[in-house]
Amino acid sequence: MAANKSTKAQAATVDDSTMEQFKIESFDVRKYNTIFYSIRDLYGCESQRQLGSDNFDWKAFKLQFEICFGRPEDCRYTTEQLLNFAKYKFNMSLEDLLAYNRKSWELRKRREQQYADMEQINSVIQHIPEITNSHVDCSQMLEQQPY
């Protein structure tokens with residue numbers, strides 16, 4: 001009996017190097033920052049939960065995270081390494097991290113809008129003239145109210 005040979009056609013890779021200024025990075029590279037910041041936020045939230053809000057300092061955490069993971073510009077780890085880390089630590093895939101980051105941005109935008117609304121209300125309140133301490137005769141008001 002003759003062995004069956006596999007006759008799968010090899011797909012040719014597309015070389016986009018001639019695109020010059022219009023060349024774009026691969027999907028993984030473009031999503032690196034999203035993955036990086038999602039992991040940082042997830043790791044920070046989990047650390048805060050374990051340590052308690054009173055014992056947790058976000059600034060100190062971010063410094064420690066930078067020592068371990070670097071900055072996104074450094075690309076200390078590959079996208080695949082970060083995704084493996086996210087899968088191991090948080091059981092999250094690329095799609096989960098992207099959704100988490102999208103929700104995080106939506107929450108940030110809502111908070112910014114709430115702060116802007118509060119600032120607008122505060123500025124209106126500050127421009128209201130103060131109530132003077134003028135004397136008001138309450139005897140007439142008491143006589144007019146029904147019992």
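Which residues in H5 are buried? In H5 they are Leu94, Leu97, Leu98, Asn101 and Ser104, where buried means under 20% relative accessible area, exposed over 50% and partly exposed in between, with a 1.4 Å probe and protein chains only. This is a predicted model, in which local features need pLDDT of at least 70 and side-chain atom pairs count only at pLDDT 80 or more, while totals for chains, interfaces and linings use all residues. Residues are numbered from 1 along each chain as its sequence is written, and side-chain values use heavy atoms, with hydrogens and water left out.

**Overall architecture**

The secondary structure comes to six helices and zero strands, and the elements run α-α-α-α-α-α from the N terminus on; helices (H or I, at least four residues) and strands (E, at least two) are DSSP runs numbered from the N terminus. Of the 147 residues of the protein, 18% count as buried. The protein exposes about 13200 Å², of which carbon and sulfur atoms supply 52%, the accessible areas coming from the Shrake-Rupley method with a 1.4 Å probe and, for residues, with only the protein chains shown as cover. Among contacts (heavy atoms within 4.5 Å) between residues at least 6 apart in sequence, 59% join residues at least 24 apart.

The table sets out two of the helices, with the expected span taken as 1.5 Å times one less than the number of residues.

| Helix | Residues | Span, first to last C-alpha | Expected span |
|---|---|---|---|
| H2 | 20 residues | 28 Å | 28 Å |
| H5 | 33 residues | 48 Å | 48 Å |

In H2, the buried residues are Tyr32, Thr34, Ile35, Phe36, Ser38, Ile39, Leu42, Gly44 and Ser47. Just after H2, glycine 52 takes a positive phi of about 95°. Lysine 31, found in the loop between H1 and H2, is partly exposed, with a relative accessible area of 28%. Between lysine 31 and leucine 98 there are 8.3 Å in space, C-alpha to C-alpha, although the two are 67 residues apart in sequence; leucine 98 is among the buried residues of H5.

**The largest pocket**

A pocket is defined on a 1 Å grid over the protein atoms alone as an open set of points, where a 1.4 Å probe fits, with protein on both sides within 12 Å along at least five of seven lines, and its lining residues have an atom within 4 Å of a point. About 500 Å³ of space lies in the largest pocket, a volume being the space filled by probe spheres set on the points, which are joined across faces, edges and corners. The lining has 16 residues, of which Arg40, Asp41, Trp58, Ser104 and Arg108 lie nearest the centre of the pocket; Ser104 is also one of the buried residues in H5. Helix H2 (32-51), helix H3 (58-69) and helix H5 (94-126) each supply at least two residues of this lining. By class, the lining residues divide into six nonpolar, five polar and five charged, with Ala, Val, Leu, Ile, Met, Phe, Trp, Tyr, Cys and Pro counted as nonpolar, Asp, Glu, Lys and Arg as charged, and the others, Gly among them, as polar.

Most residues other than glycine have a negative phi. Glutamate 20, in the segment before helix H1 (27-30), has a positive phi near 50° and is exposed, with a relative accessible area of 66%. Asparagine 91, in the loop between helix H4 (79-90) and H5, has a positive phi of about 55° although it is not a glycine, and asparagine 91 is exposed, with a relative accessible area of 55%.
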